[in-house]
Amino acid sequence: MRTRSFLLPIFCAGLLAMAGCAVQPAPDASDDLTASAFDARMERLESNLALRCTTQTELLRVQAERAQRIGSDVRDNGRLLRHLRADVENIGQEPRVVTTCPIERGDTGSKEMLGRNEWVGFPTVGTYLKARIDSGANTSSLSAREITEFERDGDDWIRFKLSLEDDEPVVDAMRDEWIEAPVTRRVKIIQASGTESRPVISLLMTLGPLKQRVEFTLNDRSHLSYPVLLGRRFLMDIALIDVSQSYIHPRPEYPGGASAAEAEKDQQDNDSEEEDR
């Protein structure tokens with residue numbers, strides 16, 4: 001009897017434990033993922049994915065622009081190096097002074113005398129133009145419009161048309177013709193309105209007996225009296241200016257243009273008008 005009394009409490013405790021396991025509550029049905037919750041979660045995932053794609057695209061664009069700038073800097077440095085090499089080769093040569101004072105032809109030595117205005121020719125373009133000789137300007141300038149820069153074989157090129165007034169003497173066939181040339185360098189022009197970067201090209205030019213390649217900046221000079229301006233870089237070592245004279249040298253002739261005789265007559269008719277300008 002004593003043994004049965006001892007086992008009874010243990011048996012009751014076991015029954016209670018089994019009963020507790022049997023009556024565990026069922027999971028709450030509200031924990032299931034509803035359709036609206038699923039859609040919301042998918043929208044968040046799509047938004048995150050789109051944001052990552054946009055970020056990656058922007059990063060690639062920035063890298064491409066950086067690579068393009070580096071390539072442009074490399075080409076500019078290459079051109080600068082070529083100019084520096086040319087300057088180094090010229091070191092040691094005796095400098096020659098250019099003066100703009102009127103000098104007798106017998107005192108000019110090997111330099112050519114130029115008037116303050118002259119006719120110039122462009123053999124590779126096929127036309128003549130009026131030019132103003134200006135020792136106050138460093139680089140020469142050519143009147144151009146519709147200036148378009150492009151790349152050819154890895155180098156910077158430029159395409160343009162001559163910008164001229166309707167009555168400007170020129171070979172008529174060249175008024176609306178495209179002219180293409182490689183860009184040799186760029187220069188910064190400081191004006192009252194601000195700083196402007198202009199491309200520089202090299203063109204073969206003739207003036208009287210002179211024939212050489214000349215560097216020109218391109219900008220619209222149609223509002224000025226002369227479509228061509230020749231500066232110090234052209235004059236140096238080869239020419240002097242007699243400001244008391246104009247058109248010392250005859251105008252070159254090109255197929256399709258007026259004859260030199262007609263040009264001389266037109267020149268005399270227009271001299272007084274040009275003085276007023």
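Two strands pair if DSSP finds at least two bridges between them; helices (H or I, at least four residues) and strands (E, at least two) are DSSP runs, numbered from the N terminus. These views show a predicted model, in which local features need pLDDT of at least 70, side-chain atom pairs count only at pLDDT 80 or more, and totals for chains, interfaces and linings use all residues. Residues are numbered from 1 along each chain as its sequence is written, and side-chain values use heavy atoms, leaving out hydrogens and water.

**View A. E4 and E5 form a hairpin.** Seven bridges link E4 and E5 in the antiparallel sense. Look for Glu149, which faces Ile158 in E5. Two residues lie between the strands of this hairpin, where Asp153 has a positive phi near 55 degrees.

**View B. E4 also pairs with E8.** Strand E4 (residues 140-152) and strand E8 (residues 210-219) run parallel and are joined by four bridges. Here you can find Ser143 with its bridge partner in E8, Asn219.

**View C. E9 is another partner of E4.** Strand E9 (residues 228-230) runs antiparallel to E4, with two bridges between them. Val228 in E9 is the bridge partner of Leu142.

**View D. Acidic side chains gather on the surface.** Glu165, Asp166, Asp167 and Asp220 make up a patch of negative charge. Glu165 sits in the loop between strand E5 (155-162) and strand E6 (179-191).

Notes. Patch = residues over 30% accessible without salt bridge, like charges linked within 9 Å, V, L, I, M, F, W, Y side chains within 5 Å. Areas by Shrake-Rupley, 256 points an atom, 1.4 Å probe, with all protein chains shown as cover. Salt bridge = Lys/Arg side-chain N within 4 Å of Asp/Glu carboxyl O. Lys, Arg positive; Asp, Glu negative; His and termini not counted. Charge placed at Lys NZ, Arg CZ, Asp CG, Glu CD.
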